[in-house]
Amino acid sequence: MPDHTPSATWLAGGGEMGVLIRSHPWADTSLGPPESWPQSLRSAVSILLPSKAQIVLFWGPELVAIYNDAYTPTMGTKHPRALGRPARECFSETWEVLGPLFEGVLRTGEAFAATEYPFFLNRQGFLEETYYDVSYDPVRIEDGSVGGIFCIVSDQTGRVVGERRLRTLRELGTRTADARSAAEVCRHAAAVLAGDPKDCPFAVMVLFDAPDELVSVAGVERTAVAPLDRWLDDEVIGGVRDGRIAEADAAAFVDRAPEIAGDRVLVLPISSGTQIVGALVAGLSRHLRLSADYRDFFD
């Protein structure tokens, strides 16, 4: 591999990304070799490289990406290929949103800032629901025009989603506290879950002492639920009767899931005291990874 490492001290340090930036074949990009970069670009890179904040710099007509170690989780599986690539390519999945924001900064020379801004990003191989605090700041070059955008971001996804789930759990506790039967608990719970479609796109609840009747449905038409005799004897439901939680194919339980739902469900036992009295079939969002926190929410 050819050695593209520049000798300039302004490009020193920076951990993994420092190594990658110094060895990148910049001469093959629209930016040209680092020795030819304007002082404004050099200064911006020298600031972002050692920073512990999540920073990406987009530069030139193509908005070529240069980012630091802290920013790599946002690039996800695109890292390290995203280095030196145009912003439109790095974030093609959300360019309809991001493109106009960048265009506004370039056109007006004014910064754009927002808290908990929603993006659907392909960080791990699927369109993921994310939220970021962002500051997109213009970087002016020597003639006074805007040469690039200095982006400082902070990933707030965990906090935003966590707080939303806590609100749902609190509402579940409040709405079901005075219920007088298991069926009433399920009906109240369904009403609450219908208010949180981002975490639970749909839910179907059934009680084992009334297997011919759907107790409650949320987020999906009752006519979309598969016939009960087709799934109440399912092996998964058998495991639930023994207290086990299972992940299963959504098609076994619903014929038409809402658009936000993926193709998988969690099937969980509904218990009353120590007795398992029914099952909850909970749709999983196609925009969220089934992490431990997501499982804990359904538990």
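This is a predicted model: local features need pLDDT of at least 70, side-chain atom pairs count only at pLDDT 80 or more; totals for chains, interfaces and linings use all residues.
Trainee: What makes the pair of Tyr-67 and Tyr-71 tilted?

Mentor: The ring centres are 6.0 Å apart and the planes stand at 55 degrees.

Trainee: Why is the pair of Trp-95 and Phe-102 called edge-to-face?

Mentor: The centres of Trp-95 and Phe-102 are again 6.0 Å apart, but the planes are at 75 degrees. Over 60 degrees counts as edge-to-face, so that is the label for this pair. Trp-95 and Phe-102 are both buried.

Trainee: How do you know that the charged end of Arg-241 sits over the ring of Phe-208?

Mentor: The distance to the ring centre is 3.9 Å, and the limit is 6 Å, with a position within 35 degrees of the ring normal also required. Arg-165 lies over the face of Phe-297 at 5.8 Å from the ring centre.

Trainee: What makes Arg-164 and Glu-129 a salt bridge?

Mentor: Their closest N and O atoms are 2.6 Å apart, and the cut-off is 4 Å. Arg-164 lies in helix 6 and Glu-129 in strand 4, so the pair ties together parts that are 35 residues apart in sequence. Both Arg-164 and Glu-129 are buried.

Trainee: Which network includes Glu-129 and Arg-164?

Mentor: Salt bridges with shared partners join them to Arg-165, Asp-196 and Asp-199.

Trainee: Which salt bridges does Glu-247 form with Arg-264 and Arg-295, and at what distances?

Mentor: For Arg-264 the closest N and O atoms are 3.4 Å apart, and for Arg-295 they are 3.5 Å apart. Arg-264 is in strand 9 and Glu-247 in strand 8, so that pair ties together parts 17 residues apart in sequence. Arg-295, in helix 10, is 48 residues from Glu-247. The count of salt bridges comes to 14.

Trainee: Why is Glu-247 called partly exposed?

Mentor: Its relative accessible area is 34%. Buried needs under 20% and exposed over 50%, so Glu-247 is partly exposed. Arg-264 at 32% is partly exposed, and Arg-295 at 31% counts as partly exposed.

Terms used:
Residues are numbered from 1 along each chain as its sequence is written. Side-chain values use heavy atoms; hydrogens and water are left out. Rings of Phe, Tyr and Trp (its six-membered ring) pair if their centres lie within 6.5 Å; planes under 30 degrees apart count as stacked, over 60 as edge-to-face and the rest as tilted. Buried means under 20% relative accessible area, exposed over 50%, partly exposed in between (1.4 Å probe, protein chains only). A salt bridge is a side-chain nitrogen of Lys or Arg within 4 Å of a carboxyl oxygen of Asp or Glu. Helices (H or I, at least four residues) and strands (E, at least two) are DSSP runs, numbered from the N terminus.
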